[in-house]
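Hello,

Here is the structure that I am handing over to you. My notes on it follow below.

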Amino acid sequence: MAEAQRTLVLIKPDAVQRELVGEIVGRFERKGLKTVGMKMTNLDEATLTEHYGHLKDKPFFGDLKKFMMQTPVIAMVLEGYDIIEVVRVIVGATNPRKADAGTIRSDLSMNVPSNIIHASDSLEASATEIKRFFKDDELFTYEMLTDKFHFGEGV
Ligand code: DAT
Ligand code: MG
């Protein structure tokens, strides 16, 4: 059977301001993803420069960092099988106007950078990103009654 894996999600300032946090967390809960870390935190410029390092040469880099510092964000670590792919599918494409209907970005947003949510794009990135935003004692391993549904035998 596959090993459960973890991914890092950030609920961005536009979602916090638009009071969409519950809607987003609810979608992950209903899917059957286990929350193993969750907190509200202010992001600083150094953290964002690192986090969005792959975009440092883009003209929108400065505005992206400012946007991410407008309000606190909600940082989450989610656990499940094929977690990177599952969460990226639920989140949808970067441009919300091109994202598949039913995804968080398509259903709830219309623009970048205010596309509601960040999710790690690979297991390698998730390992780095989880460490970036969470200390070891802020992450939890626990059993839920629903584990038999979400982590049972099967594909
Ligand atoms: P994703 O968030 O889907 O992983 P990414 O890593 O390429 O996408 O970019 C990170 C964020 O940067 C993205 O969620 C929104 C912002 N962004 C991307 N392209 C942009 C653009 N052309 N103009 C403004 N912001 C952009
Ligand atoms: Mg990305």
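In these notes, a residue is buried under 20% relative accessible area, exposed over 50% and partly exposed in between, using a 1.4 Å probe and protein chains only. Val89 is exposed, because its relative accessibility is 55%. Val89 belongs to helix H5, residues 83-91; helices (H or I, at least four residues) and strands (E, at least two) are DSSP runs numbered from the N terminus. The C-alpha atom of Val89 is 9.7 Å from that of Ala99, 10 residues away along the chain.

The model is predicted, so local features need pLDDT of at least 70 and side-chain atom pairs count only at pLDDT 80 or more, while totals for chains, interfaces and linings use all residues. Residues are numbered from 1 along each chain as its sequence is written, and side-chain values use heavy atoms, without hydrogens and water.

Tyr81 is in the loop between strand E3 (73-80) and H5, and Phe151 is in the segment after helix H8 (147-150), 70 residues apart. Tyr81 is buried at 19%, and Phe151 is buried at 17%.

A charge sits over a ring if NZ of Lys or CZ of Arg is within 6 Å of the ring centre and within 35 degrees of the ring normal. Lys34 has its charged end over the ring of Tyr142, 5.2 Å from the centre. Lys39 lies over the face of Phe134, 4.8 Å from the ring centre.

Regards

Definitions and conventions:
Chains are lettered from A and ligands numbered from 1 in the order in which they are written.
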